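Open your viewer and keep the selection panel handy. We will take this one stop at a time.

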Amino acid sequence: MATFITNIKFSQQGIKDIDHTTKRAAIFKAEAKKLGAKVKDIYWTLGEHDGLLILEAPDDETATAAILHLGAMGNVHTTTCRAFTAAEMDKIVAKVHGG
């Protein structure tokens, strides 16, 4: 499973309905599972972003579908990047030198 890290910012709609943020997160977790992705962790944060989501998916397409689904709910704006474990990074680095 590939890992994806998504930074979250509340939309105006999301801020207006902030009382339900944890309920919306639980709903998203269930919806992501239906799409074939797994939400490993969700954090609410201080600073530039309002939250952080750690998602696992079998491929980029599944992760993209889950994150697009989240965005389509209208409560957050997202920025997602692919994350690599140390073991995955060792394999990538080995390819740099023809390994």
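**First stop: helix H2**

Select Thr-21, Arg-24, Ala-25, Phe-28 and Ala-32: these residues of H2 are buried, meaning under 20% relative accessible area with a 1.4 Å probe on protein chains only, while exposed means over 50% and partly exposed in between. They share the same side of H2, because they cover an arc of only 100 degrees around the axis, taken from the directions from the helix axis to the C-beta atoms. Now colour Lys-23, Lys-33 and Lys-34, which are exposed on the other side of H2.

A word on the model: it is a predicted one, where local features need pLDDT of at least 70, side-chain atom pairs count only at pLDDT 80 or more, and totals for chains, interfaces and linings use all residues. Residues are numbered from 1 along each chain as its sequence is written, and side-chain values use heavy atoms, with hydrogens and water left out.

Next, show what surrounds the helix. The buried residues of H2 pack against S1, helix H1 (12-16), S2, S3 and helix H3 (60-72), where contact means heavy atoms within 4.5 Å. Helices (H or I, at least four residues) and strands (E, at least two) are DSSP runs, numbered from the N terminus. Just after H2, click on Gly-36, which takes a positive phi of about 100 degrees.

**Second stop: the cavity**

How many cavities of 30 Å³ or more are there? The count comes to 1. Here a cavity is a set of points, on a 1 Å grid over the protein atoms alone, where a 1.4 Å probe fits but cannot get out; lining residues have an atom within 4 Å of a point. The largest cavity holds about 220 Å³ of space, a volume being the space filled by probe spheres set on the points, which are joined across faces, edges and corners.

Select Ile-8, Thr-21, Ala-25, Leu-70 and Val-76, which lie nearest the centre of this cavity among its 16 lining residues. H2 gives the most to the lining, with 4 residues. By class, the lining has 11 nonpolar, 3 polar and 2 charged residues; Ala, Val, Leu, Ile, Met, Phe, Trp, Tyr, Cys and Pro count as nonpolar, Asp, Glu, Lys and Arg as charged, and the others, Gly among them, as polar.

**Last stop: His-97**

Finally, select His-97, in the segment after helix H4 (86-96). His-97 is exposed, with a relative accessible area of 71%. Draw a distance to Val-39: the two C-alpha atoms are separated by 34 Å.

Conventions
On a 1 Å grid over the protein atoms alone, a cavity is a set of points where a 1.4 Å probe fits but cannot get out, and a pocket is an open set with protein on both sides within 12 Å along at least five of seven lines; lining residues have an atom within 4 Å of a point.
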